[in-house]
Amino acid sequence: MPDNLKEFPAGIELKEEDIYEAMQGIPGYLDITPGDFKELYRLAYRHALERLSREVTAAEIMTTDVVAVNPDTPVAEVAAAIGRRGVSGLPVVDVEHKVVGVISEKDFLTHIGVTEPKNFMSLVAGCLKNKRCVALPIKKALAADIMTSPAVTVAPDTPARIIAALFTDRGINRVPVTDPAGHLLGLVSRGDIVKATMGRGAS
Amino acid sequence: MIGTYFRKMAGTTQSPPRVGLAEILWSWLGGFLGIAAVAYINYGFLDRTDLVMVIGSFGASAVLIYGAIKSPLAQPRNLLGGHLISALIGVTAFKLLEPHLWLAAGLAVATSIAVMHATKTLHPPGGATALIAVISGPKVTNLGYLYALVPVAAGALVMLAVALLVNNLAPQRRYPEFWW
C-alpha cells in the first residue's frame, strides 16, 4: 500500500473541540478524554482505509478472455457469438477497442418486438399465441442498431461491492471494465461476483 | 531526552465535558439506593452476626455503576469479576503472609490489578476489596474465604440489581453496555 494512504487526510482532521462538542451531545459520562478519542479515531480511520484498499476489485475478478463485437457486426453473427460463448451478452467496441455499447439477450428481445417482461418465455408465449413466430424486423440489422449505448462501465479498481450494487440498481448482468480512455480490459458478470464472494482464490 | 520526560507531565488534552443535570440526579439516585440497600442488609440483618455486608470498596463501585455507566470499568463483568477475583487474592495474601501485613497489602492490590487486567475484569474498587481483606482486622479476616461470597459477591450482586433497575429507568440511560 502506498504510504500516503496511511496518512490522515488533512481536510477532515478532527479537532479536539469537535470531539468535545460531540461528547456534550451524548448524555452520560464518557470515560475517555478528547485526546484519546482523537487517537482512537485516527487509528480506526487508518484501519478502514486499509480494509477498503484490500477489497476485491474489478481487475481481480473480471474475465479478460472476452469476445467483443463491432458496431457493424450483423446481429446474426452477434447472436451466434453470444450463443457459442454460452453467455447472455457481449460488449461492442469500435476500431480502437473502445467500448461503445453492450448487446444482451434483452436487446434482441426488445428489437424483435417482445413486450414486457422481456425474457425468453415471453418470446415463446408470443410465438405460441400468434401466427407469425419470431418476427424478423432485425434480420438486416447491425450491432449498432440494437445495442444499449452508452454502456455502463467500471474502472479496474472499482470494488466488487460497488459492482454488485450497480447490477441490482441498473438491472444489468454484466459490465465492461475499461481504462480511463474507454478501452476494453475485461468483463465482470454476476457469476464473477458470486465467485469473488467464495474467497480470494476465485481467480 | 530528560526534556521529553518532563514534558509528558504537562498533559496533552482536556478534561471531558461536565454532564447534564439529569445525569447528575440519576447518578445520585442510583448511588443512594445502591449503597442504602447494601447498608440496610448490613445493619438491619447482620448486625448481631459475625457477617458484614457493606465494605468501603462498594462506595467506589457506586461511582462507576451509577455515575459512569458507559465506562467499560462499570460493566457487570468488571463489577462482579473484579470484586470476586480481588477478594480471593486479598484473602490468600493475608493467609500466606500474616503477620507481615505491609507485604500482604502491597501484594494483594498489585496482584489484583494484574489478574483483573489479564481476565478483562478491571474494576478499580477491586483494589480496595483486596486491600480490605488484609487490613480490616479480625471482623473481616475471621471470615476467611467466605469474605469473597459475603459480603463481596453478595453485595456486588445487590448493587448490580439496583444498577439494572435504576439506570434503565432514566429515558436517556441504558445499562449495561455488555454483560460478559
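Predicted model: local features only at pLDDT ≥ 70, side-chain atom pairs only at ≥ 80, totals over all residues.
Me: With 15 C-beta neighbours inside 10 Å, does A:H97 count as buried, exposed or partly exposed, and why?
Reply: A:H97 sits in the loop between β1 (89–93) and β2 (99–104) of chain A, and its phi is near 70°, a positive value in a residue other than glycine. A residue needs 20 or more such neighbours to be buried and 12 or fewer to be exposed. Because A:H97 has 15 C-beta neighbours inside 10 Å, it counts as partly exposed.

Me: And B:K120, with 12 C-beta neighbours inside 10 Å: is it buried or exposed?
Reply: B:K120 is found in the loop between α5 and α6 of chain B. Its phi is positive, about 55°, although it is not a glycine. The cut-off for exposed is 12 or fewer neighbours, so with 12 C-beta neighbours inside 10 Å, B:K120 counts as exposed.

Me: How do the directions of α5(B) and α6(B) relate, roughly parallel or roughly antiparallel?
Reply: The axes of α5 (residues 101–118) and α6 (residues 125–135) of chain B come within 9 Å and cross at roughly 155°. Angles over 145 degrees count as roughly antiparallel. That makes α5(B), relative to α6(B), roughly antiparallel.

Me: Which element gives the most to the largest nonpolar core?
Reply: This core has 45 residues, and B:I65, B:A108, B:L131, B:A133, B:V134 and B:M159 are those with the most contacts inside it. Elements of chain B giving two or more residues to it are α2 (21–45), α3 (57–67), α4 (76–97), α5, α6 and α8 (146–167). The most comes, with nine residues, from α8(B).

Me: Which residue is joined to B:E98 by a cis peptide bond?
Reply: The residue lies in the loop between α4 and α5 of chain B. Omega of the bond is about 10°. The partner of B:E98 is B:P99.

Me: How many helices does chain B have?
Reply: From the N terminus on, the elements of chain B run α-α-α-α-α-α-α-α. Chain B has zero strands, and its number of helices is eight.

Terms used
Residues numbered from 1 in each chain as written. Chains lettered and ligands numbered in written order. Axes fitted to C-alpha atoms, helices over the stretch in contact; angles between N-to-C directions. Helix = DSSP H or I, 4+ residues; strand = E, 2+ residues; numbered from the N terminus. Parallel < 35°, antiparallel > 145°, perpendicular 65-115°, else oblique. Core = buried A, V, L, I, M, F, W, Y, C linked by C-beta atoms within 7 Å.
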